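Biologist: Before we go into details, could you show me the sequence and the model, so that I can follow each answer on the coordinates?

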Amino acid sequence: MSITIDKPPAKLHDLTQDPRYIGHSPERPSAKRLSQGQGCYVDDIVLPRMAHVVFWRSPVAHCRIKEIKPDFARRMPGVLLVADGHDLAKICKPWVATLGHLANMKSAPQYPLALERACWQGEPVVAIVAETRAQAEDALQYLQVEWELLPAVVDMETALDPQTPVIHPELGDNLCFTRSLDVGNVDEAFASADHVLATTFEFGRHTGVTLEPRCQIADWSSAEQRLTVYHSQQAPHMMQDLYARQFSIAESAVRVICKDVGGSFGIKVHAYPDDFATVALSMMLGRPVKFVADRLESFTSDIHARHHLVKARIAVRNDGEILGFEMDDLTGIGPFSMFPRTSAIEGNQVVNLVGGPYKHQHYRAKLNVVFQNKTPTCQYRGVGHPIACAVTEGLVDLAARAIGMDPLEIRRRNVIPDDAYPCAGISGIKFEGLSHQACLDKLERLMDYPALRAEQAALREKGIYRGIGIAALIELTNPSAAFYGVGGARIASQDGATARLDPNGGVTVLVSVGEQGQGNDAIYTQIAADAVGVDMAQVRVVTGDTDVTPYGGGTWASRGAGIGGEAVLLAGEALRANILKVAAVILKRSANELEVHRGDIIDADTRAVLTSLADVGRIAYFRSDTLPSDFTPELLVTRHYAQRDYPFIFTNGVQASYVEVDPDTGFVKLLKHWAVEDCGRVINPRLVDEQIRGAIVQGIGGAMLEECLYDKQGLMLNANMADYLVPMCAEMPDIEVAHIETPTKSSKLGAKGAGEAGTAGAPAAVMNAINDALAPLQAQVMSQPFTPEKILRALGRI
Amino acid sequence: MADLQTIRFNINGQTHSCSVPPRLHLVDMLRDEVGLKGSHLGCEHGVCGACTVEVNGRIVRGCLTLAVQADGCQVRTVEGLAALPDARQLQQAFIKHNALQCGFCTPGMLMAARELIQHKPDATREEVREWMSGNYCRCTGYHAIVDAVCEVLARRNQESAA
Amino acid sequence: MKSPEFDYIRARSVSHALSLLTSHGDEARILAGGQSLLAALNMRLSEPSLLIDIGAIDALRGVQVSGGALRIGALTTHTEIENSALVAQHAPLLKLAVGHIAHRAIRNSGTWGGSIANADPAAEWPCCLLALDGTVIAQNPRGERRIAAAEFFTGLYTTALAEDELLVACELPLAQRDDWFGFQELARRLGDYAIAGLAMNLRFSGPVVQSARLAWLGLGAKPMRTPQTEALLAGRPLDAATEALVVASLREELDPLADLTNTGATKKHLATVLARRLLAQANATRQSVAA
């Protein structure tokens, strides 16, 4: 197949009159100060009389707390308070993390500090607050806790066996949630297939390892009877609601402030027992209390994710038609479902997403989510997508190999065609408009697929084993209230932006979706500048303060661009219209004869500059005496947006990985990675590229390196940075990214999300590449992470 | 209770003295005693590199250096980089390539990159990747960081050839 | 994690350090580069009451050739070894290994003596010292003691150093014209402690190996040699038959301990792969030398 020259994609329609920034890659306004070490992260903040908390955490997977003797600890230098679960239960309510729309889901009440029992290694039991962290840690060594070991549930495969102890007897068993789906006629389809391929996929439990650990400062002011929390968090309004609720104080008495966040990826969107404990301690002391999780405690207290065992099958005809998928997913979570988004969502998404890109008509799925005495799990970048994509794409490659078809070709034959939309996937998910075919075509050219295949073949002759792996993916973004709201969780699916013209002609925009490094503040600046008609340098974006911004959902499920961005666009347009109203009155012209253009008001026809925004501001704010008495300038406007057309706006993409496997050592060298991504209208191409790259490497981490390892007693064996392996620079490939833009019609902006798709597809692409490399050696690996030992075993070398 | 030790050192071109307990590590001292918050803590095991600072012209792990060991030394942190032309080149390249997202690893990355461009001006892309492997980033996936450092190397080689 | 409290003294001289060691015994720790010690303290794995900082003792610095040996002072940093022309000339094995030690920032602080005294079984310097049959030079209140590498590493993080002894330098024999050195380690990430590593020194007599030293890291509680396999190589050319014999011998002689993600069997297999690769490398070098 020859390489054809790309014709330039059809340009999306302009959104604004003078489109300068949307669709381009100006530098992020916040990059300069971050490059100078001028960030403001929670641990940088020092408040008067601020104290520090450390937690005594359970050293074992399951124990009964018999007695806590705080006296020696209390007497240590600098110690202000030693508190246990009973102390905190007096002021903080317990919670139960379930969602109404996940029918049979159950979980037990959880407290900020464990009461009678600790149920996982790392669960906080006692809090010590001291003047400094070091003093609190010194005191920790003198805290005496008498505990009694209890049998622990540490194997998800036996969690439901009758002889396995039930962690919460009142729940009846260790089953958190189960779901079955049966669509079409799977048995008939599989019986009629030419080939049925079956295998078991394993995904190792792993965790986020944000470089800035979880941290917060809780500041209860008894004078104001008000709580302020500085939090490294993704959803300040959600936390505001939870603090108010759990502590029975008014919502208006709680302010949550999120300044710079040193990476979050979902780890920091959940409500941890530590969070509530720190607030309680501040209330008890009447002083600010800071909690910074150190790295060792992060490994056992940050949420974990992605521990799945999936038995799956695919039915295929010799001509390449995929008839159906079947899968049985077992996932082991912690002893409690995590608050408030629940630990069943990840598995639920696997059920929804397996087979996603394809047009088969038969699908059967089963999911069991089981409790264990291990660190609780919850949403982490990609949430179920990496598992679903690996299962799907791994099976598709098995099918391709069985019928002797090229992996790119089998995908071409089976993806839902680009002109089939809107339509539904077989699991019931609704698609507005995807571009699998266009993405496959683009990928083929981008990576020069034929040349790579030729290179692979030539090198195989020399005993060098390279592999090419393809992964097609779908990814949910821009969620509606169908995700959480319907289940009773007070997590906003709508967001708002306030745009204000300031007296000097600047534009300030307050947005309810915040910034954790992905560049939301940058794209909001771009959108606002274009929408109002000013230079980017004239726009200031404010996020992350519940006292200041509109009410909203924050960052999760890749919604910052699509939902936050839309609110900014609408607010910017509305402000522009109001500015023109004021200008029209001042200039005694009709508003439709005028334009806001780069900070000035100009005549729409002649383009002559008539006045400046600074002058409009001056008159509006300071010279109301010069305006008609029946006219009031409104130079501050707020607009909200919720995506209500679909439960989610799905995106799609395709990735490819090129690897070399050393059959002597089992080591895999990642030579290159490609991604073609359709996230609708791209607001800043460079930022999207960088989100894709970062997300891909995070996915590679789970595929190649990262796993929380346990002994038989449920103790984590590698809870430190030396033994838990995260991707570092040397082993990562260069990553080439290209875009297709299929805008969503659910908003004017047309932007879909881009933050998680990279993680969704990378493990599948790498797995398929490794197995493509191993194919001539009759070996395959389906268990992530793909360690050298697993590969050597598959090869029969050990 | 250990005796406090008085230390005197030069930080970003200014002399500073303070009394510290021996157990206080260099980064905690810089952050808490001197008030320079730009160097960060990510692990305190010496693995993540977020605490990388420069002592007597060489990068070190601030979490694996005691403040008392810095007595009499020249210390440089990210806050002192904007005054240096080679560091500014790196900062500008990082911004241009969006080689930073959340910014938490960035001070350490810049420190490490600066020592590279000083000591290994002919580094290949692969050598840049190897050198920068001492600094963990979760956001970028490293590609843009490598691009930024390679661009600075190329530009400096051009400048010195001219 | 914040370190527990300790007192700190900057030793003025070796004898000052020794007198402090003598009076404080196992309550004191020597602080050289601190890259292992301070990490352990930050994690509260160790609680000494006194740190004796030897960093200001200039007598412990420096690389020089003296008495027909290469003497590397205890405080020589890994970076200094990497940059040393004397090391490149007289102990090229170290240059092959140094790039695997952690990362630049660690190498700028970590020391030769510190690494050897710490005796991590997966560290590079103990393995190289063993491969070169180097000598540890220790000072104690009674004077100097020379300890052969083969006797120095006694167990996991345990050496022959007495409680009142300070490692002041190590000596390495100078590389000879007929010496070949190779070093390879297998780690999933550059700079990590390796799953397995091999430092090889072959001395040739024409096309035939006169004597061999194979020192291993990452396979057990301490760095180790494989004397049976070494003996096998003596007098043999580097051909396919030799390679097969070496592999078979290693399979018998090695009994590696498992680690978190690798069984003993995996490590044994990887060890044989390292041996094959270094023998092939040595062979290729000799062929090109001969050519």
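Biologist: Which residue follows H12(A) with a positive phi?

Modeller: In this predicted model, local features need pLDDT of at least 70 and side-chain atom pairs count only at pLDDT 80 or more, while totals for chains, interfaces and linings use all residues, and side-chain values use heavy atoms, with hydrogens and water left out. Residues are numbered from 1 along each chain as its sequence is written, with chains lettered from A and ligands numbered from 1 in the order in which they are written. Helices (H or I, at least four residues) and strands (E, at least two) are DSSP runs numbered from the N terminus. The residue that follows H12(A), with a phi near 50 degrees, is A:Asp448.

Biologist: Which strands are included in what covers the buried residues of H12(A)?

Modeller: Helix H12 of chain A runs over residues 436–446, and its buried residues (under 20% relative accessible area; exposed is over 50% and partly exposed in between, with a 1.4 Å probe and protein chains only) are A:His436, A:Cys439, A:Leu440, A:Lys442, A:Leu443 and A:Glu444. Their cover, judged by contact (heavy atoms within 4.5 Å), includes helix H11 (407–414) and helix H13 (449–461) of chain A. On the strand side, it includes S20 (465–477), S28 (649–661), S29 (668–678) and S30 (734–740).

Biologist: Which residue meets A:Asp441 in a salt bridge?

Modeller: A salt bridge is taken as a side-chain nitrogen of Lys or Arg within 4 Å of a carboxyl oxygen of Asp or Glu, and here the N to O distance is 2.8 Å. The pair links distant parts of the chain, joining helix H12 to helix H11 of chain A over 29 residues. A:Asp441 counts as partly exposed at 31% relative accessibility, and its partner, partly exposed at 23%, is A:Arg412.

Biologist: How many residues apart are A:Glu409 and A:Arg413?

Modeller: The side chains of A:Glu409 and A:Arg413 meet in a salt bridge of 3.0 Å, N to O, with A:Glu409 partly exposed at 28% and A:Arg413 partly exposed at 39%. An α-helix has 3.6 residues a turn, so residues three or four places apart point the same way. Both A:Glu409 and A:Arg413 lie in helix H11 of chain A, about one turn of the helix apart, a separation in residues of 4.

Biologist: In which strand does A:Glu736 lie?

Modeller: A:Glu736 forms a salt bridge with A:Lys672, the closest N and O atoms being 2.7 Å apart. At 29% relative accessibility A:Glu736 counts as partly exposed, and A:Lys672 is partly exposed at 25%. The pair links distant parts of the chain, 64 residues apart, with A:Lys672 in strand S29 of chain A and A:Glu736 in strand S30.

Biologist: Which three residues supply 19% of the area that chain B buries against chain A?

Modeller: The contact takes 45 residues from chain B and 53 residues from chain A. The buried area, meaning the accessible area (1.4 Å probe) that two parts lose on being put together, summed over both, is about 4000 Å², of which carbon and sulfur atoms give 57%. The three residues that supply this share of chain B's buried area, more than any other three, are B:Gln101, B:Tyr136 and B:Arg138.

Biologist: How many charged residues are on the side of chain B that touches chain A?

Modeller: Across this interface the rule finds 6 salt bridges, among them one of 2.8 Å between B:Arg129 and A:Asp734. Helix H2 (85–96), helix H3 (106–119), helix H4 (125–131) and helix H5 (143–161) of chain B each supply at least two residues of the touching side. With Ala, Val, Leu, Ile, Met, Phe, Trp, Tyr, Cys and Pro taken as nonpolar, Asp, Glu, Lys and Arg as charged, and the others, Gly among them, as polar, the residues divide into 20 nonpolar and 16 polar, while the charged ones number 9.

Biologist: What radius of gyration does chain C have?

Modeller: Chain C has 12 helices and 14 strands, its C-alpha trace spans about 60 × 45 × 30 Å along the principal axes, and 57% of its 291 residues count as buried. The radius is taken over C-alpha atoms, and the globule rule is 2.2 Å times the number of residues to the power 0.38. A compact globule of 291 residues would come near 19 Å, and chain C agrees, with 19 Å.
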